[in-house]
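Here is a brief report on one protein model. Please keep the sequence and the coordinates in view while reading.

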Amino acid sequence: MVDAEQNRPIRMARLFRDIQTGSPLGLLGVDMDYRVIDDIVSRLHSGYNSSLILVDEDGNTIL
């Protein structure tokens with residue numbers, strides 16, 4: 001059974017503005033499956049002596 005935490009998507013959004021006027025041009029939203037991030041991190045940790053911390057804009061640890 002898959003942990004409920006792993007079923008939650010990681011969502012990010014960014015507002016794009018016109019460089020000259022500063023007026024909003026659009027919003028880009030991205031949803032990424034938590035398991036994709038987990039898989040990437042697992043491969044990083046298996047071959048390197050390193051650590052990875054993913055944080056949000058408020059400094060809260062996501063992964």
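The sections below cover the hairpin, the surface patch, the salt bridges and the pocket.

## Basis

This is a predicted model: local features need pLDDT of at least 70, side-chain atom pairs count only at pLDDT 80 or more, and totals for chains, interfaces and linings use all residues. Residues are numbered from 1 along each chain as its sequence is written, and side-chain values use heavy atoms, without hydrogens and water.

## The hairpin

Strands β1 (9-17) and β2 (24-33) run antiparallel and are joined by nine bridges. Strands here are DSSP runs (E, at least two residues), as are helices (H or I, at least four), numbered from the N terminus. Two strands pair if DSSP finds at least two bridges between them. Six residues separate β1 from β2 in the hairpin. In the turn, G22 has a positive phi of about 80°. L15 stands opposite L27 in β2.

None of the ten residues of β2 is buried, so β2 lies largely in the open. Buried means under 20% relative accessible area, exposed over 50%, and partly exposed in between (1.4 Å probe, protein chains only).

## Nonpolar patch

M12, F16, L25, L28 and V30 form a nonpolar surface patch, with about 480 Å² of accessible area together. Such a patch joins nonpolar side chains (Val, Leu, Ile, Met, Phe, Trp, Tyr) within 5 Å, from residues with over 30% relative accessible area and no salt bridge. Areas come from the Shrake-Rupley method with a 1.4 Å probe; for residues, only the protein chains shown count as cover.

β2 gives the most, with three residues. V30 belongs to β2 and is partly exposed at 35%.

## Salt bridges

There are two salt bridges (a side-chain nitrogen of Lys or Arg within 4 Å of a carboxyl oxygen of Asp or Glu). One joins D31 and R11 at 3.2 Å, N to O. This pair links distant parts of the chain, β2 and β1, 20 residues apart. D31 is exposed at 52%, and R11 is exposed at 62%.

D33 and R35 meet at 2.9 Å, N to O. D33 is partly exposed at 32%; R35 is partly exposed at 42%.

The largest pocket has a volume of about 190 Å³. Its lining includes I10, R11, M12, M32 and I62. β1 gives the most to this lining, with four residues.

Y34 sits in helix α2 (residues 34-47). Y34 is buried, at 10% relative accessible area. The C-alpha atoms of Y34 and I10 are 6.1 Å apart, although 24 residues separate them along the chain.

Note on methods: Patch = residues over 30% accessible without salt bridge, like charges linked within 9 Å, V, L, I, M, F, W, Y side chains within 5 Å. 1 Å grid on protein atoms, 1.4 Å probe; cavity = no way out; pocket = protein on both sides within 12 Å on 5 of 7 lines; lining within 4 Å. Points joined across faces, edges and corners; volume = space filled by probe spheres on them.
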